[in-house]
Amino acid sequence: MAVCFVTLFQWRLNSVLLLQENEILFGVKDQILSLVSKLDEVGSFLGNPFFWTLHAREMAKSFLTLSEPELGKRGKEQMVSFIRKLDGVTGVSEDVERIWARYKTWVSEIRGKLREADDYVDDFIIKVCGQTEQDQKESTAEFGSEIENIKSRVSEIMNRRPQLGFSPVLEDFQKLLRSKFDEGTPRLVQEKSGELMEGKAQENLERLMDLGMLEEEVSIWDSLSVPSPYYELSLSVMKAEDFFISTTNSDYIIPPTVRHVSILEAANTITGMNSLPHSLFVSAKDGLSKASSDCLRNVLHNAKLLRVLNLENTKLENLPDEIGHLLNLKYLGVTNSKLNELPESISNLRNLQTLDISWSGYEFELSNGVLNLAQLRHLKMHQPINDNEVRVPQGISRLGNLQTLEGIYAGGGIAEESGIMTQLRSLEVRRVSEDHADELYFSVMKLTRLQKLSLFVESERESYDSSSSLVYENSILPCLESFSPPPLLQTLELVGRLIGMPLWLGSMENLTKLYMSFSHLSENPTTILQFLPNLKYLQMAEAYKGRRMEKEFFRAGGFSKLEYLDISSHNLVEWTEI
């Protein structure tokens, strides 16, 4: 974990140089890069085989304690044997525990210094915002001098590092450990030139799922869970890494050194906290009280170093203007709320990368202020009811870094403009109608990097009856016969009546997930879908009007990779031989 801490701070320094709004920092670029180079030395020392092996020993013991009931006799014996081997290898060095204690003290010192440096960078970014050109030059010069001082202090700490002797046995065993475990273990990844961080993150998630450390909740859209004992192990690591988790129904004091705070069931109060947290997660079962909402305003006013803010199920009707003071914010989630607009101060969040306002008010409309969020990569606005959409301002294509655009209404010229956003990887469109369908499909066909597409038809029914088998019976997804899906599309969601199965659907070789809702097809769609070579997940809700599902559901060799199947229908009454 210590290596990760150093790596994350290096990323922080590099990201400061890359941000367009921080061009004033180019004057101290050499000082920043010199500090990054010095941190490489720190990271190299922290990755010493001796320390790596001792970390592995501690984690293995924790894992055994947490998972012993599920391991069984053989699994327990294997884990105990592994721990004994680690003990034996680390025993080749004299006074192992003494060195390990010195190492922990030394790591604590280096972490403390980098924490101070991290806060100094954040404070500097806040300070120069709004300064005159002359004041910015003076602040930048002062910042460069402080970066030099930080480098000098890091060098002093490095000179006091624990001294280790060379052990060929330890080196060989560490190589063995890495060959067994590290090759399949995801590392922290950094975006490289021409390579998206989202793609590398997805690779890491897939590795974690292959290792059984993450599980996909197939019944919940895009949801992952951490199984036991990894869940308990993660909690123990979080507590040691400046995370604080509590409910407001219990008495607690948030320690001043805490960087990440999670407050669960925050119905009545949100206590005041220091200005140090970098992450704040607040959730409430039935929404926040007025007193809690007022307290949240005070918290946001003080917590200017926040980079992650997630407010879930708070039922907020208004987001405090103080949100615009959080100049370092990268992630803002306000889900399951009653918001219908965002404050104008949102335009100040020049570092924001993700904005998630899913499940918000029924008449949400984004202001032009969102067009100032030049670093925005993910704009998620999913709504629980089909005919609720978010109207985005014209000019949305100016957000050249945007990867995700979900929950939009494509009328008013947005359908045509979306074709310019060729960097999009995920697109969800609500209330698709004949008025703009041709322009929308033509634009989507230009999005050659698109991997996920959701299309929801505009409902023509005057009322909604969830028990009716005729939901969207007269709401037809228009003009689909003229559509051709982008080549890399992996996930497709179609909500609305289909006159017939689109011919292009049977040729989507990269498709892994398909959701068809209220298609009301007379022909069984599985006669075509079963031959999609990579389809793993298939969900059909009122997609087929037939009353019987017979052996044509799949033939020999059909659905060769299917892992999850969900069929719901008011018409289906019988399954015959399959």
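Rings of Phe, Tyr and Trp count as an aromatic pair if their centres lie within 6.5 Å. The exercises below use this rule on a predicted model.

**Exercise 1. Find how many aromatic pairs the whole structure holds, and classify the pair of phenylalanine 124 and phenylalanine 143.**

Solution. 
1. A search of the whole structure gives seven aromatic pairs.
2. In one of them, phenylalanine 124 and phenylalanine 143 have ring centres 4.2 Å apart, with 15 degrees between the planes.
3. Planes under 30 degrees apart count as stacked, and this pair is stacked.
4. Phenylalanine 124 belongs to helix α4 (residues 96–128) and phenylalanine 143 to helix α5, so the pair links distant parts of the chain, 19 residues apart.
5. Phenylalanine 124 is buried, at 5% relative accessibility, and phenylalanine 143 is buried too, at 1%.

**Exercise 2. Explain why the pair of tyrosine 441 and phenylalanine 483 is called tilted, and state where its two residues lie.**

Solution. 
1. The ring centres of tyrosine 441 and phenylalanine 483 are 5.3 Å apart.
2. The planes of the two rings stand at 50 degrees, so the pair is tilted.
3. Tyrosine 441 is part of helix α11 (residues 437–444), while phenylalanine 483 is in the loop between β12 and β13.
4. The pair therefore ties together parts that are 42 residues apart in sequence.
5. Tyrosine 441 is buried at 1% relative accessibility, and phenylalanine 483 is buried at 4%.

**Exercise 3. Decide for serine 139 and for glutamate 481: buried or exposed?**

Solution. 
1. Buried means under 20% relative accessible area, and exposed means over 50%.
2. Serine 139 has a relative accessible area of 6%, so this residue is buried.
3. Serine 139 sits in helix α5 (residues 133–159). Leaving out residues up to four places away in sequence, Serine 139 touches Phe124, Lys127, Val128 and Gln131.
4. Glutamate 481 has a relative accessible area of 70%, so this residue is exposed.
5. Glutamate 481 is placed in the loop between β12 (452–457) and β13 (491–495).
6. Isoleucine 499 is 18 residues from glutamate 481 in sequence, and their C-alpha atoms are 9.7 Å apart.

**Exercise 4. Describe the surroundings of strand β15 (residues 537–541).**

Solution. 
1. Strand β14 (residues 513–517) is joined to β15 by five bridges, and the two run parallel.
2. Within this pairing, lysine 513 stands opposite tyrosine 537 of β15.
3. Lysine 513 also lies over the face of tyrosine 537, at 6.0 Å from the ring centre.
4. Strand β17 (residues 564–568) is likewise parallel to β15, with five bridges between them.
5. Here alanine 541 has serine 568 of β17 as its bridge partner.
6. Four of the five residues of β15 are buried, so the strand is largely enclosed by the rest of the structure.

**Exercise 5. State where confidence in the chain is lowest and where it is highest.**

Solution. 
1. The chain has an average pLDDT of 80, and 80% of the residues score at least 70.
2. Confidence is lowest in helix α6 (residues 168–180), with a mean of 55, and highest in strand β8 (residues 354–356), at 96.
3. Residues 180–189 have a pLDDT below 50; this stretch has 22 contacts in the model beyond near neighbours in sequence.
4. Residues 462–469 also have a pLDDT below 50, with seven contacts beyond near neighbours in sequence.
5. Where pLDDT is low, the predicted coordinates should not be read in detail.

Methods:
Residues numbered from 1 in each chain as written. Predicted model: local features only at pLDDT ≥ 70, side-chain atom pairs only at ≥ 80, totals over all residues. Heavy atoms only, no water. Buried < 20%, exposed > 50% of the residue type's maximum accessible area, 1.4 Å probe, protein only. Contact = heavy atoms within 4.5 Å. Pairing = 2+ DSSP bridges. Phe/Tyr/Trp six-rings, centres within 6.5 Å; stacked < 30°, edge-to-face > 60°. Lys NZ or Arg CZ within 6 Å of the ring centre and 35° of its normal. pLDDT = per-residue confidence, 0-100.
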